[in-house]
Amino acid sequence: MTQQKLTILDKFITEKPEFHSAKPNEICSILKAVEEASKAIHETINRAGLVDILGAAGSENVQGEQVQKMDLYANDRFIESLKKCGHIAAIASEENEEIIQLNTTGEYLFATDPLDGSSNIDVNISVGTIFSVFKRDKTGETSADEFNRFGHEQILAGYVLYGTSTILVYTCGSGVHAFTFDTKTDVFALTNPSIKTPENGSIISFNEGNFNTVNKGVQSYITYCKELNKEGKRTHTGRFMGSLVADFHRNMLKGGMFIYPATADAPEGRLRLLYECNPIAMLAEQAGGKATYGTQRLLDIKAQHIHQRTPLFTGSKNMMKKVLQFLK
Ligand code: F6P
């Protein structure tokens with residue numbers, strides 16, 4: 001196999017003047033920190049089973065969920081790398097009830113789910129890191145209220161998907177770009193610039209186990225997805241891995257829609273606004289798709305607290321248009 005000549009992440013970032021209010025060298029340094037932490041996570045995930053990293057850590061997080069050993073490992077790697085980078089004032093992490101203060105001179109806020117879908121590691125299924133960055137308008141100690149922002153104020157959002165290969169995907173507000181980790185050269189190299197999601201899609205990602213606990217509109221839409229066409233062929237295909245980053249990434253590339261609506265067990269929705277839905281929504285829009293919490297744009301929600309939940313509907317434009325007809 002011939003090795004292609006590819007652009008590495010640092011070079012791509014510094015040459016792309018797309019950072020609006022942020023300075024390219026600062027964004028570059030934040031993404032370098034993400035890169036550093038995710039390389040360590042990549043390496044450890046790949047050795048799961050060989051090193052003692054599988055399974056539960058024996059505690060619960062702020063949402064009452066079992067913390068996995070890998071969650072803690074990933075969280076520590078991010079805190080360490082972001083502290084070193086110097087530009088981050090504080091982190092809101094899924095793993096910590098309170099924000100983590102890093103640098104009083106930092107000009108940016110970082111929200112993250114350091115390892116989303118972490119229990120999937122036990123069964124060798126893809127997991128991801130999700131992150132979101134806001135610019136501050138002051139320096140000094142950060143208060144948790146500073147994270148109470150609109151999603152459309154994000155200046156950087158992305159994820160790292162630890163899948164069959166490890167991919168870092170980010171947007172700074174002008175396009176979505178994906179970089180694959182080359183284990184031979186130890187760099188992230190550009191493999192998919194300016195990703196555009198198909199306007200139409202046939203993949204529907206929804207946890208069917210929730211069917212009887214969601215509202216009538218969502219039920220009718222799911223039932224519609226199961227209808228056959230005139231030739232008796234299926235019109236949609238169902239794919240749900242239970243790993244948001246993997247489900248979203250597949251749908252973004254192939255065309256589809258991911259739905260996690262309010263359920264009887266999670267009336268506010270299950271997914272977290274700041275460090276799951278906001279970054280996914282920004283990426284979705286930048287790729288030409290849409291993201292809502294039902295009928296309204298998700299990026300127009302103003303966060304009220306760092307662990308806030310929300311319903312999420314995201315994907316291809318025309319599927320998002322169709323689902324609206326059922327939700328109104
Ligand atoms: O928020 C964590 C997460 O694991 C997501 O990655 C995934 O989409 C969702 O929860 C799955 O939740 P459930 O098991 O309720 O379908």
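View 1. T112 stands opposite F131 in β6. The model is predicted, with local features requiring pLDDT of at least 70 and side-chain atom pairs pLDDT 80 or more, while totals for chains, interfaces and linings use all residues. Residues are numbered from 1 along each chain as its sequence is written, and side-chain values use heavy atoms, without hydrogens or water. β5 and β6 run antiparallel and are joined by 7 bridges; strands here are DSSP runs of E with at least two residues, helices are runs of H or I with at least four, and both are numbered from the N terminus. Two strands count as paired if DSSP finds at least two bridges between them. Of the 9 residues in β6, 8 are buried (buried is under 20% relative accessible area, exposed over 50%, partly exposed in between, with a 1.4 Å probe and protein chains only).

**View 2. From F131 to Y170 through G158.** F131 stands opposite G158 in β7, and G158 has Y170 in β8 as its bridge partner. The β6 and β7 strands are antiparallel, with 7 bridges between them. β7 (residues 156-162) is also antiparallel to β8 (residues 166-171), here over 6 bridges.

**View 3. The open sheet of 8 strands.** The strand order is β4-β3-β5-β6-β7-β8-β9-β10, and the pairing is mixed. β4 (100-101) and β10 (187-192) are the edge strands; each has a single partner strand, so one side of each lacks a neighbour in the sheet. Helix α2 packs on this sheet and touches β3 (88-93), β5 (108-116), β6 (127-135), β7, β8, β9 (176-182) and β10. The directions of α2 and β7 make about 20°; contact means heavy atoms within 4.5 Å, and angles run from 0 to 180 degrees between N-to-C directions, with axes fitted to C-alpha atoms, for helices over the stretch in contact.

**View 4. Helix α5 across the sheet.** α5 lies across β5, β6, β7, β8, β9 and β10, at about 105° to β7. Among the buried residues are L244, F248 and M252. G255 follows α5 and has a positive phi, near 95°.

**View 5. The packing of α2 against α3.** Helix α2 (residues 24-46) and helix α3 (residues 69-85) pack at about 150°, with axes 9 Å apart. The two helices are therefore roughly antiparallel (an angle over 145 degrees). Residues of α2 including I30, A33, A37 and I41 meet a set in α3 that includes Y73, A74, F78 and L82. By class, the contact has 13 nonpolar, 3 polar and 3 charged residues; Ala, Val, Leu, Ile, Met, Phe, Trp, Tyr, Cys and Pro count as nonpolar, Asp, Glu, Lys and Arg as charged, and the others, Gly among them, as polar.

**View 6. The open sheet of 5 strands.** The order is β12-β11-β13-β17-β15, with mixed pairing. β12 (237-238) and β15 (290-292) stand at the edges with a single partner strand each, so one side of each is left without a neighbour in the sheet. β11 (residues 203-205) and β13 (residues 256-260) pair in the parallel sense over 3 bridges, and S205 stands opposite F258 in β13. Helix α7 (residues 317-327) packs on the sheet, touching β11, β13, β15 and β17 (312-315), and its direction makes about 145° with that of β17.

Key. Angles under 35 degrees count as roughly parallel, over 145 as roughly antiparallel, 65 to 115 as roughly perpendicular and the rest as oblique.
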